[in-house]
Each structure stands twice: as structure tokens, then as C-alpha cells.
Amino acid sequence: YIKNHFDVDITITGTNEDKWKKVANELNVDFTTDSKSAVSEADIVVFSTPISKMESVIKQVGPFINPNAVVTDVCSIKWFVTDALKKYSASKLIIP
């Protein structure tokens, strides 16, 4: 919906290349396995990963997040994610 109505670039990242390429194709968005590059160029970063892996993912890509990016997630446990983002992310704006 967003890409069809707004002039934006949307990139999905993930480690399961077959799965996420299919999703990206269905949504008409881009896909990459290079999460660090994707977050470094993004204006908005949305984390959507199992909560048990969230801190590990944030630790890996957090230092590469554009410092001016808006960073949020779609998990239900906000304190855990917010703490990890504050600890590892270069972003100045974190929205829990």
C-alpha cells in the first residue's frame, strides 16, 4: 500500500533469503541480506523479529543505523527493545 501511494523506497532484510525475496516480490518492495547497509541508508527503521532474537539483531545492526533515522519496532514488549536500542543504536530518535 505505502509504496503504491507514496514516493518511497522500502527494503526488507532478513536471513531467510528465499522467504523474504518472495514477500518482497509480493509487496513490490526491495530485499537485501545486507541489513547493515539497509539501516545505514534508511530514514525509518522498523524492527520486526522474534523478541528472543531482538537484542542480537539490534546489537548487530544498531551501530550502523543512520543517526537521524526514526527507529521503532512491532514487538509487544517495549522496554526490552528500547533498552537494546539505547545501548547499541547510533540513532538519536527512538520511538518505543
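Which residues touch the most other members of the largest nonpolar core? Of the 15 residues in this core, they are V45, F47, I58, I65 and V71. A nonpolar core here is a set of buried Ala, Val, Leu, Ile, Met, Phe, Trp, Tyr and Cys residues joined through side-chain atoms within 4.5 Å. β3 (44–47), α4 (51–61) and α5 each supply at least two residues of the core, and α5 gives the largest share, four residues. Helices (H or I, at least four residues) and strands (E, at least two) are DSSP runs, numbered from the N terminus.

Before we go on, a word about the model: it is predicted, so local features need pLDDT of at least 70 and side-chain atom pairs count only at pLDDT 80 or more, while totals for chains, interfaces and linings use all residues. Residues are numbered from 1 along each chain as its sequence is written, and side-chain values use heavy atoms, with hydrogens and water left out.

Let's look at F47. Leaving aside neighbours within four places in sequence, F47 is in contact (heavy atoms within 4.5 Å) with M54, V57, I58, V61, I65, V71, T72, D73, V74 and L85.

One of these partners, V74, sits in the loop between β4 (70–73) and α5. Together with I44 and V46, V74 forms a nonpolar patch on the surface, with about 300 Å² of accessible area in total. The areas come from the Shrake-Rupley method with a 1.4 Å probe.

How do some single residues compare with the cut-offs? Buried means under 20% relative accessible area, exposed over 50%, and partly exposed in between.

| Residue | Relative accessible area | Class |
|---|---|---|
| S89 | 13% | buried |
| S37 | 26% | partly exposed |
| V74 | 56% | exposed |
| K87 | 58% | exposed |

S89 lies in the loop between α5 (78–88) and β5 (93–94). Not counting residues up to four places away in sequence, S89 touches G62, I65 and A84. A polar atom of the S89 side chain also lies 3.0 Å from the backbone nitrogen of S91, a polar contact (N or O atoms within 3.5 Å, one able to donate a hydrogen and the other to accept it; residues adjacent in sequence count only if both atoms are side-chain atoms).

K87 is part of helix α5, and its C-alpha is 30 Å from that of A24, 63 residues away in sequence. S37, in helix α3 (residues 35–41), has its C-alpha 11 Å from that of G62, 25 residues along the chain.

Definitions and conventions
Buried < 20%, exposed > 50% of the residue type's maximum accessible area, 1.4 Å probe, protein only. Patch = residues over 30% accessible without salt bridge, like charges linked within 9 Å, V, L, I, M, F, W, Y side chains within 5 Å. Salt bridge = Lys/Arg side-chain N within 4 Å of Asp/Glu carboxyl O.
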